[in-house]
Amino acid sequence: MATIEDIGVSAAINILSAIIFLLAFAFLRLQPINDRVYFPKWYLKGARQSPSHGGAFVRKFVNLDMRSYLKFLSWMPAALQMPEDELISHAGLDSAVYLRIYLIGLKIFVPITILAFVVLVPVNWTNDTLEGMKVEHSDIDKLSISNIPFGSKRFIAHLVMAYAFTFWTCYVLLREYEIVSTMRLRFLASEKRRPDQFTVLVRNIPPDPDESIGELAEHFFLVNHPDHYLTQQVVYNANKLAKMVKEKKKMQNWLDYYQLKYERNTTTRPTVKTGFLGCFGSKVDAIEHYTSEIERIEKEEAEEREKIVKDPKSVVPAAFVSFRSRWGAAVCAQTQQTSNPTVWLTEWAPEPRDVYWDNLSIPIVHLTVRRLIIAVAFFFLNFFYVIPITFVQSLANIEGIEKAVPFLKPVIEMDTIKSFIQGFLPGIALKIFLILLPSILMFMSKVEGLTSVSSLERRSASKYYIFLFFNVFLGSIIAGSALEQLQSYLHQSANQIPRTIGVAIPMKATFFITYVMVDGWAGVAGEILRLKPLVIFHLKNFFLVKTEKDREEAMDPGSIGFDSNEPQIQLYFLLGLVYAVVTPFLLPFILIFFGLAYVVYRHQIINVYNQEYESAAAFWPSVHGRIITALIISQLLFLGLLSTKGAGQSTPVLLVLPVVTFYFHKYCKNRYEPAFVEYPLQEAMRKDTLERAREPGFDLKTYLASAYIHPVFKGDDDDEKFSMADEVEADQVLVATKRQSRRNTPVPSRHNGSESPSLPEIVNDQRL
């Protein structure tokens, strides 16, 4: 069990690591050779030029201006100076609202920390309960609720603080939900024209023996949305072609590498082995080999393109349907199209750069099976991850380590080594075990068949949060408490075990303190250093870059990484809310995380990250819901903890809190969430009216013509083969169609043998 000395060693290591990372960043960002690594967003916007152009040779690589080094911390105030409105214009609403998550953490926990240290810490410290109990504990645990005597009236202070913390958290969440929903509506109202504002994604288009998917979609919407339908773009299954394009780009990179290598040393032609991983097989000329490989792929690529054009099976039963107005698109996206709710399914189309094209070819009937398989796989992933979590907890138990490796006992018993093991090793081990998890969860989300990058990230974030709750939070508490109090469990009567657990759970705060310092202090400081992108950029710059365009492609600005970062933030909310009443000593460590992370990520969003999409803060209901979940969990755990401390009479008083919190969440969901799910028709009509008044002659059809063409087709000579269908005249009375089973001509149906009434006949009958 970690003591104050162990926590001090861990704090020293992590603070030193954070300072080293920040100083290294402050130095490296000033060097001209690294400018594209630490300011790529400005290059992508065309607002910054490389400082390496012109001047002395040394100045192209090293900053010789000594005065600039005296202002090495100037990036911190610079990151805070940009106003929020300007930040939204510069980086988008998603980025600005994401930063508000850190601000919420500060708004919630600053008052809670002050109140907890003023009220609860003195109440907990002025007891000697743990001294008389036969359980492992440290001085830190004397600051927790574990040090309160069984059945003491001092628990009234904790009850009052639980109410105060709940009401304050709900107030902050209510204000933030109102602010963010207002920001979203204002952003949508002021946003420039985008293709997704006029476009709906239609899926599960029923097959027709007489018409293609494109003709069928055009006919359906001309009949059912005659005044608003504009054009449509069918979806092609181009996944195989996309793989070929990706493979060709990889081959081109190798060809560029060997050509540059040969240009630098023309005496020797570079060679490569054609076998597995380039380590086996016959040795051939590298330039000729990759040139022939590119020619082979180009030939296969041309054949695949021709196949996609001619083969009707390459068209999937889905289409991007565009309308003349936002109002028409909103009506279509938010209503049921037919009496059969399983066909002609409509939803708002993601913006073009947000579309995840690989999943559009998945038949919608397969989605339920896929999600069931992933749900089962996710359950077993959670279950089997208990093993490494238990191992991590065993690292915090010195006695267990000494029993496993008794020959290391003299080394382990050294004060410095012991403090390192208990105060630092468990946190870093847990972080290592979690490194690959976001990639695994993202893969699982892709298998589920979601069609946009933003929805993939939100689904992956939900999985990650569930995993962190069950494995990192509950798993660490249960496994850690069992390992530390094993002797107590074995040498006491059964009716005393719940009481011992109630005492042991607050003691796991020391483990979470070490984790917060490793992940939330050193980890965040390491984020701004960008060591991996720095190394990769210079490797590409040296081996692959020929032109300025190549150098621009070598930049890796990255993005926020909502799928991995947001669940981690939610874990800190969970820890803070759970331990605010139980062990307030953890709160300052969480406050430092929120403060440091807000400054670091604000700098990264302004200068580095290039967000892949813009969802107008569609993720906020999930953020709000997870904080509410953490609050309810903290209330239930506190209720259970008091029941083991002889304060069972407080149960009715505490049961009020989760009930009130649940109905508060329900109120927020009904009041604010519709703004994140539906697009108000009033707003759509207002924006359409203003736009028609300002640009009466705007050619919307041309603007939308190539918006939703698969990226592998864009820029090709045969672009027009995949562009949206030609517009049908709006004043056409009858809708042209090839269908034999149509309702708009008197031609008999081949399916039922009877005559179908024409559209004019139906209208006349209705008038009569």
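Modeller: Let us begin with two residues, F109 and F594, both of which are buried. Buried means under 20% relative accessible area, exposed over 50%, and partly exposed in between (1.4 Å probe, protein chains only). This is a predicted model, in which local features need pLDDT of at least 70, side-chain atom pairs count only at pLDDT 80 or more, and totals for chains, interfaces and linings use all residues. Residues are numbered from 1 along each chain as its sequence is written, and side-chain values use heavy atoms, with hydrogens and water left out.

Colleague: What is the mean pLDDT of the chain?

Modeller: pLDDT is the predictor's confidence in each residue, from 0 to 100. Here the chain has a mean of 82, and 82% of its residues reach 70 or more. Over residues 725–733, however, pLDDT stays under 50; the model has 14 contacts for them beyond four places in sequence, a contact being heavy atoms within 4.5 Å. The stretch 741–768 is likewise below 50, with 38 contacts beyond near neighbours in sequence.

Colleague: How many aromatic pairs does the structure hold?

Modeller: Rings of Phe, Tyr and Trp (its six-membered ring) pair if their centres lie within 6.5 Å; planes under 30 degrees apart count as stacked, over 60 as edge-to-face and the rest as tilted. The structure holds 44 such pairs. For F109 and F594 the centres are 6.0 Å apart and the planes at 20°, so this pair is stacked. It links distant parts of the chain, since F109 belongs to helix α7 (residues 93–125) and F594 to helix α27 (residues 587–607), 485 residues apart. Helices (H or I, at least four residues) and strands (E, at least two) are DSSP runs, numbered from the N terminus.

Colleague: Is the pair of F512 and Y579 stacked or tilted?

Modeller: That pair is tilted, with 6.0 Å from centre to centre and 55° between the planes. F512 lies in helix α23 (residues 509–529) and Y579 in helix α26 (residues 562–582), so the pair ties together parts 67 residues apart in sequence. Both F512 and Y579 are buried.

Colleague: Which residues touch the most other members of the largest nonpolar core?

Modeller: A nonpolar core is a set of buried Ala, Val, Leu, Ile, Met, Phe, Trp, Tyr and Cys residues joined through side-chain atoms within 4.5 Å. The largest has 138 residues, and those touching the most other members are Y98, Y102, F109, L434, L575, Y579 and W620. Apart from it lies another core of 28 residues, including I213 and I709.

Colleague: How many salt bridges are counted?

Modeller: A salt bridge is a side-chain nitrogen of Lys or Arg within 4 Å of a carboxyl oxygen of Asp or Glu. The count comes to 23. One of them joins E176 and K107, at 2.6 Å from N to O. E176 is in helix α8 (residues 155–190) and K107 in helix α7, 69 residues apart. E176 counts as buried because its relative accessibility is 2%, whereas K107, at 35%, counts as partly exposed.

Colleague: Where do E683 and R686 lie?

Modeller: Both lie in helix α31 (residues 681–694), 3 residues apart, about one turn of the helix. Elsewhere, R193, R326, D688, E691 and E695 are linked in a network of salt bridges.
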